[in-house]
Protein chains: 2
Amino acid sequence: MAKPRARLSRDDWTAAALAALSEGGTAAVAIEQLATRLGATKGSAYWHFPNREALLRATLARWEAEYTEAVIDLLEAEADLAVRLRRLLASVLEHRQGSAIELALLASADDPLVRAALRRVSERRINYLAEQFRELGVAPAQARHWAVLSYSAYLGHAQLARTAAGSVPSGPRAAREYLDVAMQALLAGTDRHHAEPAADA
Amino acid sequence: MAKPRARLSRDDWTAAALAALSEGGTAAVAIEQLATRLGATKGSAYWHFPNREALLRATLARWEAEYTEAVIDLLEAEADLAVRLRRLLASVLEHRQGSAIELALLASADDPLVRAALRRVSERRINYLAEQFRELGVAPAQARHWAVLSYSAYLGHAQLARTAAGSVPSGPRAAREYLDVAMQALLAGTDRHHAEPAADA
DNA sequence: ACCTGAACACCGTTCAAGT
DNA sequence: ACCTGAACACCGTTCAAGT
C-alpha cells in the first residue's frame, strides 16, 4: 500500500499505530496490518519492539505525552473559571480533533494497558478540575466530589456520543441548551448559580 | 475442564459466553476457549451458530433481555422519585451484581454489535429518566437534557470505576458525601434543591 | 544495525464423516 | 439432529540468514 521505505524508526511504528488506534481501536494495532501499511515485514516490528504489547505501550505513552494536557491547555486559554467547565463539556459535544483517539481508547478499556493510561490521565484531569472548584469557592473536601461528577459527565458524554450518537443533543441550538442545563447542575454548589449562556459560541 | 456433556444447546453456549464476557470482555468470547470449557469441540458451536458474530449477537440479545430493565426495576421499587436518582448513581458506586457484564460491555464498545446493544439500552433508560424529571416538575424540553446529564454521570462513573477505581469515592462515608453532591447537582433544576441525605443507606 | 523469509502456535471457519 | 477431526487462513512470535 504505502511506498516501501528503506528503514523504519520506532516513531514510524508508533505513528502508524496511533492512526490505526483512532480508526479501529486496540484491535487495529495488529503488527501484520501495520507492516503492510508501512511497506515492511513483521520482522521489522520485532526489531524495534520485543512484542505487540511493547508497541502498544509505546503508542499509549506517546498519546499520553501529546494529548493528556490537550484538554487542560484548551481550558487554560480561557480566563473565566466558570466558562472553562462549559468548554470541557462542549469539547465532547463538538467532537474536537484529537478526541478520536481518546474515544477509541475509552472503547478499548478492555485492555489493561489502555486502562492504565486512562487511569493516569483521569487522575491528572480530576485534580485539575478540583483545583478549579476550589478557586470557585467550594470547600476542598467537596471540591473533589464536584470534580469527579464533572469528569464523569464528560466521560459519560463521550461514551454516549460514541455508542448512542442519537441520544445526545445535536445541533448548535440543542447543544447550547444542554450546556446551560449542565452548567446549572455543575455549578449548583458555587456562588454563581449558573454561568452566562456563554460568549464563546 | 468442565465435565463433557452429551449434547449442548444454544443456551449453553450463550451462558458460557455471558460468563466469559463479564470476565474478559468481548475478546474472551472465543469459540475455541468456550468449547474447551464446555467440553466440546469448535464444530459444536458452528452447528448452533453460523459464526462467532452470531454467537456474540445472541449473547448480547440475552443480556439485553435479562438485564436492560434491571436498573429500571431497581428504581421502580422506590416510591420517592428523587431518591430514585440517588439509587441510580449509588448502584454504580456499590458495584451491584449484574453490573460486571455492563462494565465489560462498556469497555468493549469497540465492537459494533456491542455498540448497538448499548445504544438501545441507553435510549430506553434515558427516556425513563426524562419521564422522572417531568414528574419532578421540569419542562419536557429541559427534562431530556437533565436525563442525558444524569445518565452521562452514571456512565462516566462506571467508566471511572473500571479504569480508575482510585479516583472514585470509596467507602460508605465518601460515597454518601459524593451522592449528596451529585443529587444537589442533578436536582438543581427542580423544586427540591437537594434530596434528603437518603434513608436508604 | 536493521530487515527478510520461513516456521510454528492460536483462533475463526469449513466440511466430510461419524453417531 | 448434533458433533468430531482434519484442514486452511490470519496474526503473534521466533530466529537464522541476509544487507
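## Chain A, helix by helix

Helices here are DSSP runs of at least four residues marked H or I, numbered from the N terminus. With that in hand, chain A reads along its sequence as α-α-α-α-α-α-α-α-α. That comes to 9 helices and 0 strands. Please keep in mind as you look around that this is a predicted model.

Of the 201 residues of chain A, 42% count as buried. Take the contacts in chain A between residues at least 6 apart in sequence: 63% of them join residues at least 24 apart.

## Two copies and an axis

How do the two protein chains relate to each other?

## Where the chains meet

The contact takes 42 residues from chain A and 43 residues from chain B. On the side of chain A that touches chain B, the elements giving two or more residues are α6, α7 (112–135), α8 (140–163) and α9 (172–186) of chain A. Of these, α8(A) gives the most, with 16 residues. Sorted by class, this side of chain A has 23 nonpolar, 13 polar and 6 charged residues.

Helix α6 of chain A, residues 99–107, is worth a look of its own. It is mostly covered, with 7 of its 9 residues buried. The buried ones are Ser99(A), Ile101(A), Glu102(A), Ala104(A), Leu105(A), Leu106(A) and Ala107(A).

## The nonpolar core

Which residues touch the most other members of the largest nonpolar core? Among its 112 residues, they are Ala182(A) and Ala182(B). Leaving aside residues up to four places away in sequence, Ala182(B) touches Leu149(A), Leu89(B) and Ala153(B).

## Around the DNA strands

Let us start with DNA strand D. It is surrounded by 19 residues, and the closest are Ala30(A), Ile31(A), Arg52(A), Thr41(B) and Gly43(B). At least two residues of this surface come from each of α2 (31–38), α3 (42–48) and α4 (52–76) of chain A and α3 (42–48) of chain B. The most come from α3(B), which gives 5 residues. By class, the surface near DNA strand D has 6 nonpolar, 7 polar and 6 charged residues.

Now for DNA strand C. Of the 19 residues around DNA strand C, the nearest are Thr41(A), Gly43(A), Ala30(B), Ile31(B) and Arg52(B). Two or more residues of this surface come from each of α3 of chain A and α2 (31–38), α3 and α4 (52–76) of chain B. Here α3(A) gives the most, with 5 residues. The surface near DNA strand C has 6 nonpolar, 7 polar and 6 charged residues.

## Out at Asp191(B)

Is Asp191(B) buried or exposed? Asp191(B) has 9 other C-beta atoms within 10 Å, so this residue is exposed. Asp191(B) lies in the segment after α9 (172–186) of chain B.

How far is Asp191(B) from Thr41(B)? The two are 150 residues apart in sequence and 61 Å apart in space, C-alpha to C-alpha. Thr41(B), for its part, is one of the closest residues to DNA strand D.

Notes: Residues are numbered from 1 along each chain as its sequence is written. Chains are lettered from A and ligands numbered from 1 in the order in which they are written. This is a predicted model: local features need pLDDT of at least 70, side-chain atom pairs count only at pLDDT 80 or more; totals for chains, interfaces and linings use all residues. A nonpolar core is a set of buried Ala, Val, Leu, Ile, Met, Phe, Trp, Tyr and Cys residues joined through C-beta atoms within 7 Å. A residue is buried if 20 or more other C-beta atoms lie within 10 Å of its own, exposed if 12 or fewer, and partly exposed in between; C-beta atoms are placed from the backbone. Two residues are in contact if their C-beta atoms, placed from the backbone, lie within 7 Å. A residue is near a molecule or strand if its C-beta atom, placed from the backbone, lies within 6 Å of it. Ala, Val, Leu, Ile, Met, Phe, Trp, Tyr, Cys and Pro count as nonpolar, Asp, Glu, Lys and Arg as charged, and the others, Gly among them, as polar.
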